[in-house]
Amino acid sequence: MGTASATLMKGAANIGHHMDKYTLERDGQIDFYTTFLPRINPELKMEDILADSNDGVLNGNLIEFKLRVADLNAVLFQCVKYLSALRIKGKPVPSNIAIIDLNASTAWLYHSADYLADIEKPYSGGASKNNSGFIGGDAKAVLHYDLDIDAERLISVLKERNFTRINIDENCIVGWATSFYKAVPTARKEDFVGDDTGKHKTVGEIRSPVHFADYILPYTGKSNLRFKYLMDRLNDTLQKKNLGAFYTHPLYARKSLELLRAAIARVPRGNDYIILDRCAGTGNLEAELTDEELRHCIVSTVEYYEYKVLQERLGAKVRAIIPPTEKADTFNAGLVNGADALSREYIDNPLIRQFIDDPKCTVILFENPPYAETTSVEHQKRGAGSKSSAWKKSFVVQEMKKEVKGTASNDLGNAFIWSGFKYYLRQPTDSFVVYSPVKYWKAQHLIDKILLQGYAFNRRHFHTNIDACIMVALWSNEDAKQEEFNLKGYDIDHADNIVCLEEPLPIKRIHSTYSEVFYDKRSFGSDERGGLVVGYDGLAPRESVKRSIKPIFNDNIIGYMVIDGSNFDNPDLMSVLIRCGLYKGHGFYLRKDNYLEKLPMFCASRYITYNREWTERARIMKSADGAARFNAAVEKGTLSQFLRKCLLFTCVEMQNHIRTFKGSDGRFYRNELCLDGTNGETLALQDLKALKRNAREDKIAALWKTVLGWAEKAKGYNPAFTYGVYQISKELDTSHRDEADPEKTVWDNVELHSALTNLKTLVKEYYNAEIVPVLFKYEFLK
Ligand SMILES: C[S@@+](CC[C@H](N)C(=O)[O-])C[C@H]1O[C@@H](n2cnc3c(N)ncnc32)[C@H](O)[C@@H]1O
């Protein structure tokens with residue numbers, strides 16, 4: 001109901017429920033805010049108040065609107081849940097709760113402090129569900145704000161800026177740390193979690209709040225032991241970059257003890273042994289070791305507050321901690337002097353050396369090394385260049401670079417693995433139990449040792465939200481060229497149970513890349529200098545973009561392909577199929593005469609998009625290892641149907657960014673890898689004639705017709721163009737923001753959008769059923 005009619009009916013509001021002023025909560029809310037905001041703070045807009053999916057936080061007030069309040073207790077409980085969510089996110093908890101019945105113009109006011117115990121519980125599921133049964137108290141005040149006297153009182157309440165101070169615990173400390181480092185960008189971890197135990201006594205924000213004095217109560221725990229599973233997430237931004245984080249889930253730590261115990265079983269009779277963990281963090285891996293096993297442990301970690309927890313947790317039980325006790329100079333800018341495992345000083349540390357030099361002592365390394373993916377997109381986005389990390393200058397990395405070539409030496413985890421074998425393991429009965437994604441063995445060939453046993457774990461449970469495969473492997477210190485092994489996979493379910501996957505997960509080594517083997521490196525006498533370059537979206541890049549290739553033009557060129565790298569880390573950036581050369585190069589031109597046999601590379605590069613299970617990412621990779629068999633089969637013609645299936649897939653897959661356009665060079669560039677025959681058959685349509693279509697393929701063809709039919713009706717359709725799905729999706733399947741609800745997208749051509757969405761479903765099914773198995777057979781995927 002619009003504002004005008006709402007005003008008209010204001011007088012009628014008191015008559016009864018069936019004459020409700022508002023039928024939509026949003027109308028009432030807008031009315032309320034446009035009435036009151038100018039009196040509270042004329043600068044404020046509704047958007048400033050609505051956040052965190054509640055009805056609004058205005059100064060020190062949480063406001064919850066209802067058309068009609070049926071059960072005050074239920075609405076109050078909903079508010080409690082919103083406040084609980086604010087605390088967990090590290091946001092101030094308003095001291096007032098205002099429940100507003102829009103149709104009755106009534107506000108019930110409560111104090112959040114009265115419900116603190118409930119606010120400090122975590123809740124799961126939507127705040128507006130399952131709220132009956134909560135027993136609240138009476139409201140502190142009830143205001144009928146259609147009366148002037150109450151309206152004025154409500155205004156003064158809404159102007160209050162008081163907050164209820166909350167207690168810091170393991171549920172909310174990560175949120176408050178995030179808010180703290182945002183509010184105080186120069187702050188270090190000590191400024192947040194520091195305590196006055198030990199030699200370095202900086203008392204941090206949680207114990208003596210300054211910035212958040214109005215929001216949090218001082219944490220009274222003497223040490224940080226309570227946060228032992230979170231210490232990595234409390235690091236300041238700089239530390240996050242240099243230390244990597246990713247603690248081990250207790251269930252995974254327990255599971256990997258089986259591998260550790262298998263390693264202990266290999267200790268020759270009569271030998272002593274040590275278990276060395278150079279990057280123990282707060283000691284999570286060692287948490288469930290027996291006292292006897294702990295007596296063999298040597299642990300250390302470079303981060304100061306982890307070190308203190310490690311001391312408190314394991315200090316009295318282990319054989320050694322590096323350094324054994326805290327000294328005046330132990331704290332060094334947030335780090336522990338002498339505990340940097342990548343330093344020369346650490347490798348020479350006599351405390352450890354005495355065991356390494358003792359032939360009657362077996363050495364077992366048991367570690368979850370830090371991963372710092374400085375080359376990852378997320379990392380680059382944070383503006384931290386790949387060169388800036390301190391660990392890259394460390395002794396171990398410098399030494400490793402002398403022996404290990406390529407990107408493998410740019411990896412913090414690899415520095416731990418490599419140095420483990422290099423400086424600590426010496427006898428065939430020595431072992432290394434190590435957590436890491438498999439690429440160091442599979443693709444980088446960092447080590448050639450015997451794998452005795454191993455598990456695959458879901459990376460999601462290591463303080464990330466990425467589904468990917470992490471291997472924990474028991475390596476024997478014996479050289480061997482292994483080509484393949486199996487891992488048992490373990491996930492963790494919602495009820496916190498470890499679940500074993502039925503099928504073992506094979507890990508196979510890869511030896512060659514697409515670019516070495518499959519890229520078309522020919523040049524033609526007819527190639528003309530001076531073609532165009534385009535960007536990832538298939539269009540001309542901005543003038544300012546640096547061009548690193550000299551593009552060519554030839555009538556036989558139908559596209560440009562870059563399928564980079566073996567892994568699936570940034571799959572969309574590593575899978576480029578466009579009409580002209582990519583401005584930064586590193587790919588090859590697709591030519592009419594042999595483009596079909598290049599398409600399996602493009603198909604393989606889409607694997608992760610359609611197979612998102614954690615077992616696939618970081619385990620399955622791209623390789624050219626089956627090239628000889630593949631080429632022979634192509635030669636014999638046995639793959640002619642398969643190649644056409646790849647072609648069909650390529651034509652209807654969104655990552656194919658080939659567009660039709662009029663180039664700035666005056667040439668008309670037509671999309672030949674699509675199914676649009678409006679302006680004559682494309683090359684794809686010609687080659688697809690030889691496909692013996694099955695039911696799935698008929699369905700795709702039919703749905704494509706629907707898509708094209710709606711596309712032709714869309715505004716902006718150019719009848720001279722030949723369209724593929726990507727160009728349709730980008731240029732014709734347009735949308736705008738809903739005026740009433742800016743969060744919502746409104747599609748201008750609903751039929752077109754629906755048909756494209758359907759097509760995606762079909763394409764996925766088709767891909768996994770008919771293309772993926774052959775990609776594995778010929779080791780495009782391995
Ligand atoms: C992946 S965490 C594992 C921690 C613990 N073992 C666990 O599994 O929960 C890696 C640890 O290595 C520490 N670390 C990072 N760089 C280090 C270095 N150069 N020397 C020693 N420890 C380091 C980090 O502070 C972090 O605690």
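At what angle do helix H25 and helix H26 pack, and how far apart are their axes? In this predicted model, local features need pLDDT of at least 70 and side-chain atom pairs count only at pLDDT 80 or more, whereas totals for chains, interfaces and linings use all residues. Residues are numbered from 1 along each chain as its sequence is written, and side-chain values use heavy atoms, with hydrogens and water left out.

Helix H25 (residues 695-713) packs against helix H26 (residues 725-732) at an angle of about 35 degrees, and their axes lie 11 Å apart. Axes here are lines fitted to C-alpha atoms, for helices over the stretch in contact, and angles run from 0 to 180 degrees between N-to-C directions. Helices (H or I, at least four residues) and strands (E, at least two) are DSSP runs, numbered from the N terminus. The residues that meet, where contact means heavy atoms within 4.5 Å, are set out below.

| Helix | Residues in the contact |
|---|---|
| H25 (residues 695-713) | Trp704, Val707, Leu708 and Ala711 |
| H26 (residues 725-732) | Val725, Ile728 and Leu732 |

By class, this contact of H25 with H26 has seven nonpolar residues, with no polar and no charged ones, where Ala, Val, Leu, Ile, Met, Phe, Trp, Tyr, Cys and Pro count as nonpolar, Asp, Glu, Lys and Arg as charged, and the others, Gly among them, as polar.

Helix H4 (residues 72-88) has 17 residues and reaches 24 Å from its first C-alpha to its last, close to the 24 Å expected at 1.5 Å a residue, the expected span being 1.5 Å times one less than the number of residues. Because 13 of its 17 residues are buried, H4 is largely enclosed by the rest of the structure; buried means under 20% relative accessible area, exposed over 50%, and partly exposed in between (1.4 Å probe, protein chains only). At the start of H4, a side-chain oxygen of Asp71 comes to within 3.0 Å of the backbone nitrogen of Asn73, and H4 is followed by Gly90, whose phi is positive, near 75 degrees.

Thr330 is found in the loop between strand S10 (320-322) and strand S11 (331-332), and is buried, with a relative accessible area of 3%. The side chain of Thr330 reaches the backbone nitrogen of Lys327 at 2.7 Å. Leaving aside neighbours within four places in sequence, Thr330 is in contact with residues including Tyr307, Pro323 and Asn337.

The chain holds 27 helices and 30 strands, and 56% of its 782 residues count as buried.

Methods
Polar contact = N/O pair within 3.5 Å; in protein donor to acceptor, adjacent residues only side chain to side chain.
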